[in-house]
Amino acid sequence: MCRGGLGPFFRPRRRQFYESKVSPMIPSDFFTSLSIDQTSVMARFGGSAALLERFLKKSPADPSWPSLCTALEQQDLPEVERAAHTLKGVAANFGFARLSQACADMVAAVRAGRPEDLPEAFGRAKEQYEAILAKIAQM
């Protein structure tokens with residue numbers, strides 16, 4: 001039986017700070033201009049700026065935004081809820097808190113039976129989505 005914990009073979013990892021590992025391909029103001037917590041996003045991507053960059057460049061092809069727009073045009077509330085919920089999670093993983101919150105507000109509006117709240121929340125989401133796409137295009 002092993003006594004005394006895990007012994008000398010286990011050394012807990014020190015907390016790593018990822019902000020110094022930003023890729024030169026990610027613009028220096030990318031995180032600040034979009035109000036992103038750089039440390040948590042870099043930690044979510046294992047400290048790999050190259051991995052973050054690769055996923056960021058693929059994100060405009062994600063079908064969540066077109067699905068949300070189509071569902072709103074067709075007034076398909078169950079699909080609005082699904083697409084907004086999906087986009088909320090995608091945005092949260094990248095640290096896009098404002099976009100994630102706007103999508104969460106859309107989900108809440110549908111679930112509460114308040115479709116009249118959707119245009120305002122969608123307007124905020126669209127503004128954030130366009131700002132994000134513009135920053136990604138600069139990469």
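Colleague: Which residues of helix 3 (residues 49–58) are buried?

Modeller: This is a predicted model, in which local features need pLDDT of at least 70 and side-chain atom pairs count only at pLDDT 80 or more, while totals for chains, interfaces and linings use all residues. Residues are numbered from 1 along each chain as its sequence is written, and side-chain values use heavy atoms, with hydrogens and water left out. Helices are DSSP runs (H or I, at least four residues), numbered from the N terminus, and buried means under 20% relative accessible area, exposed over 50%, partly exposed in between, with a 1.4 Å probe and protein chains only. By that rule the buried residues of helix 3 are Ala49, Leu52, Glu53 and Leu56.

Colleague: Why are the buried residues of helix 3 said to line one face of the helix?

Modeller: The arc is taken from the directions from the helix axis to the C-beta atoms. On the other side of helix 3, Ala50 and Lys58 are exposed. The buried residues line one face because, seen down the axis of helix 3, they fall within an arc of 100°.

Colleague: Which helices do the buried residues of helix 3 pack against?

Modeller: Contact means heavy atoms within 4.5 Å. The packing partners are helix 1, helix 2 (38–44), helix 5 and helix 7.

Colleague: Is Lys135 buried or exposed?

Modeller: Lys135 is found in helix 7 and touches Pro27, Asp29, Phe30, Ser33 and Leu34, not counting residues up to four places away in sequence. With a relative accessible area of 13%, Lys135 is buried.

Colleague: What is the angle between the planes of Trp65 and Phe122?

Modeller: Rings of Phe, Tyr and Trp (its six-membered ring) pair if their centres lie within 6.5 Å; planes under 30 degrees apart count as stacked, over 60 as edge-to-face and the rest as tilted. The count comes to 6 aromatic pairs. One of them, Phe45 and Phe55, is tilted, at 5.9 Å centre to centre and 50° between the planes. Trp65 and Phe122 form a stacked pair, 5.3 Å centre to centre, and the angle between their planes is 15°.

Colleague: Where in the chain do Trp65 and Phe122 lie?

Modeller: Trp65 is buried, with a relative accessible area of 11%, and Phe122 counts as buried at 19%. The pair links distant parts of the chain, 57 residues apart: Trp65 lies in helix 4 (residues 64–74) and Phe122 in helix 7.

Key:
Helices (H or I, at least four residues) and strands (E, at least two) are DSSP runs, numbered from the N terminus.
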